Every structure is written in C-alpha cells, then in structure tokens.
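Please read them with the coordinates open.

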Amino acid sequence: MGVLIFTIGFIPIVLAVSMQSLYKESKLSLILGFYMLLITAWQFDIGVLFLGKVLSKETILVLFKFLRGGTTFSIPVVYYIAFSIIKGQPALLAGRKWLDKLSNVLLNKKVLYFLIFWSTVIYFINWTSLGTKGLYMANKNGANTLFLFPEYGPLIWLYILHMGSFLLFLILIFMMTKGMVNQNIKRFLARFSLYSLLLYIFGFLNFSPGTGGISSSIGVIIFSTLIVMEFIKLGANIKANYYEIMERQMKLDYTGNLAGSLIHEVKNANQIIKGFSQMLNASAGMDKKDKAYLNMIEKTSEHLDDLVDNYKTYLKSSSTTFKKENLESIIRESLAFSQVILTEHHIEVELKNCYHSLDAYVNKANLKQVFINLIKNSIEAIPEDRKDKRIAIQIEVDQEMIMIHFKDTGTGIGQEQWESVFNPFLSLKSEGMGLGLPYVKKIVIEHLGNIRIVESSAEGTHFQIEIPQNGILNMD
C-alpha cells in the first residue's frame, strides 16, 4: 500500500516537469510546478505511514512531520497563483463593490507575507507535541492492512483551521473570476480553484483513520490529470493568439521596409530631375514660356522632395518602448490636455468605463497623442451651430481585445472615404496636412491593434480602436 501511495505521489511532479519542459518561458508553469511538488510531498507524507515494517516508528514520525510542509505551505503558493493572475489582468469588470473591496483587502503582498509567516508557525507547531504527539497502529475498517496513524496534540485545531480557511479562500477565488474578462484566464483560474477545492475535500477525509489515509490519493489523481489538461489548453490558446499577433507584426515590418525602400528610390529619382532642371535653367536659348514650364517642374520637384521628407519622418516617428499603463488614465489625461479647446467650443465629453481596472502594455506618450488627435478632429468636425455638441468615449473588452469606441456629433465622413482618411497627405480640410488620422492609424498598428470607422453620417462619426490585452503568463 505504501508503494502504491508513493507511486501516485510521483504523478504530480512528473506532470509538472512535463509542463515546464513544454512551457519553459511561462511564469505560471513554474509556480504551478512548485504547487505540484507540494502535492507530491503531501502524498509521501501519507505513504510513510505504511512503512512500519521497513522503518522505525521514530523515523516515520520525523518524516511525517517534515513532509507535512506539503499541505501547510500549499496555501501561500495557491494564494500567489491567484494573486498573480487576478492582479495581472488588464481588465476586470466593475460594479461588484463588496467583492472589489474584499479583493483589494485580501489580494496584496502584505497578506501573502502574512500567509507565509503563519504557515511557518503552523509548520513548526506540528514539530512539537502540541501539534503531533506521536503515532499509533491502526487499520482500515478492520481490514488486514495495518498502518501508523498520527496522534494529534491539543493545538491540532490550528492546523485544521488553517486548512479549513483555505477552502473558503478557494471559493472566494472562484467568485472573483466572475469579474475577469479574458475568457482563457478566467476559465483556467475558475477550474483551478474548483479542482483544488475537490482535492482538499478528499484530503480532509484523511483525518479519519477509517479511510486508511489514502482518500487524498484519489483526489491527487483527479486533480493532477484535470489541471494539466487545463494548463495545456490555456497554453495552446495563448500561443495561438501570440502567433497571430506576431504574423501581423511581420506584415507591418515588411510593409514599412517596402515603403522605406520606395521613398529612397523616389528621392534619388527626384534628385536627378532637380539636377537636370537646374542645368536647363542655366542654359541659353530658352524663351519665357519654356522657363515658366521649367520653373513649374522645379517647384513640383521641391514639393515632391518635401513630401518624401515628411513621409520619411512620419515612418520613423515612433517609440517602441511599451510598459503596463492604465488606459482610462491615459484617456483622462488626453481630455485634460484638450479641456481648454473643448470648453471654448462648448463640447461635452462622456467617458464610460465599466471595468474595475483596465491595463495594457502601451507607449503612453504615443497613445495619448492618438486620443488628442481624435479629440481635435472631432472638435473641428462639430459645427458651431449644432445643438448636440458631444464626444462619447466608451470602453469594452471582447475576448483578447480592448475596444475603445470614440463617437462625435460632427458632420460625418462619406463612406467612400472611410479608408482613404487614414492615408497620409489626403485631408478633408482645405488647411489640413492630412497627417492626423494616418498618424493615429500608424500608432495603433504599432500597438498591434487597429482603428476603423464603424459608422458615419451627418449626425456624427463612430471610430473604433482595438488594442490587444496582455496577461501575466509571459507565454512569449
């Protein structure tokens, strides 16, 4: 029986090693692997109780107390898994005030440090006679299988309380997943908490000598199999999303390189045109009409040179430094920056965000300029005599993408121009340079996102910006 329990105990650690070899770059696989190692220690803690014919009772007692750390320290490890996933999410639904408050109180580093300290206290109490007095011989429901069973001390209730509170914590984790938007992470954490709950229910049955101390083995087999399946499924989904984004980035890089090469060739050809134009202009025998034509060619060549320089600057005007930022804060800073001109034109702004937190890996300065440009365009598009002068900004999350809806009550854009407005130097305004919306498009694409016009009429225009979410799994 002891050999069987030890064999079952190897299952979690073998699966953990397999997960780590498949996802070496994943932070989650490392933490989850450590959790599986503690489960293995838990099983070995049960297995040594069946080695009475091989080891002395004193040796078994020492091993039992030492391996009890598997269950004791699993609580801070599971807490860290939940803490890392929930706090690392870019978007969490708001509107659950009591749960949000509870989450803020329970999910922080101070609680983590307390759990580590408290688990250490419980572990050392277990080494004294107050936790575990000794071992006595027992058997399973009168069967022939004899095994040693711990005789607990007067403070064993602290250990039971320690493990019992963990069940409540797992239920709380499951409830917190309801506010998560990323469906892949939400599904994994919800099932992780349910499977862990099932595992610890089986573990509590070990306190009864009648179960033979092997009920947890059934829970270990079920938990290990199910959690590895969930992790592999999670990893496959994240990898698929990652490769899709990388494919878009490769296409973007190729297009940028192609445009850069084209600019270089145009500039070289234009230099030849300018050179021969100057030579012709210096030559004799040309009448006023010919010189007028030549002068027009030179001016056109200079204009083309300016356009090429502007486009070259436009292609290079980006910073590739990205870090985790709060999107709502960026939008509010953009609105604050534009407040003077908004007030001057008597335009109201509505910002609607139903998420408790909304973070993404972005370049704050560039993305802030995106919103400023959109606000400026909307202000210029809204007629002075319009009664409803308003800009509405709404944020939502759809699977892996953060969606920012930007609506104004301007004069609108013709449907035939919905794509061309994002092309450089094509402005709908006589005084415009045609670089505002193209710059916006360029910056959003550099964030591996997209911007498009959803709807536009004489009553206003609806822009939609999409920016990918980023979690804490580091699957790249």
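Which residues make the nonpolar surface patch of about 420 Å²?

1. The model is a predicted one. In it, the nonpolar surface patch is made by V62, F66, F124 and W127, and its area is about 420 Å². Helices are the source here: α3 (57-67) and α7 (109-127) are the elements that give two or more residues to the patch.

2. V62, one of the patch residues, lies in helix α3.

3. The number of aromatic pairs comes to five. One of them joins F10 and F44, with the ring centres 5.1 Å apart and the planes at 70°, which makes the pair edge-to-face. Because F10 sits in helix α1 (residues 2-22) and F44 in helix α2 (residues 27-47), this pair ties together parts that are 34 residues apart in sequence.

4. F10 has a relative accessible area of 44% and is partly exposed, whereas F44, at 17% relative accessibility, counts as buried. The cut-off for buried is under 20%, which is why F44 falls on the buried side.

5. A charged side chain also sits on a ring: R68 lies over the face of Y159, and the distance to the ring centre is 4.5 Å.

6. Where is T132 found, and is T132 buried or exposed? T132 is in strand β2 (residues 132-139). With a relative accessible area of 0%, T132 is buried. The side chain of T132 makes a polar contact with the side chain of N126, at 2.9 Å.

7. Helix α15 spans residues 436-446 and is mostly covered, with nine of its 11 residues buried. The buried set includes the nonpolar residues L437, V440, I443 and V444. Also buried in α15 are P438 and Y439, together with K441, K442 and E446.

8. The backbone just after α15 deserves a look. L448 takes a positive phi there, of about 65°.

Technical notes
Residues are numbered from 1 along each chain as its sequence is written. This is a predicted model: local features need pLDDT of at least 70, side-chain atom pairs count only at pLDDT 80 or more; totals for chains, interfaces and linings use all residues. Side-chain values use heavy atoms; hydrogens and water are left out. Buried means under 20% relative accessible area, exposed over 50%, partly exposed in between (1.4 Å probe, protein chains only). Helices (H or I, at least four residues) and strands (E, at least two) are DSSP runs, numbered from the N terminus. Rings of Phe, Tyr and Trp (its six-membered ring) pair if their centres lie within 6.5 Å; planes under 30 degrees apart count as stacked, over 60 as edge-to-face and the rest as tilted. A charge sits over a ring if NZ of Lys or CZ of Arg is within 6 Å of the ring centre and within 35 degrees of the ring normal. Patches are made of residues with over 30% relative accessible area and no salt bridge: like charges are joined within 9 Å, nonpolar side chains (Val, Leu, Ile, Met, Phe, Trp, Tyr) within 5 Å. Accessible areas come from the Shrake-Rupley method with a 1.4 Å probe; for residues, only the protein chains shown count as cover. A salt bridge is a side-chain nitrogen of Lys or Arg within 4 Å of a carboxyl oxygen of Asp or Glu. A polar contact is a pair of N or O atoms within 3.5 Å; within protein, one must be able to donate a hydrogen and the other to accept it, and residues adjacent in sequence count only if both atoms are side-chain atoms.
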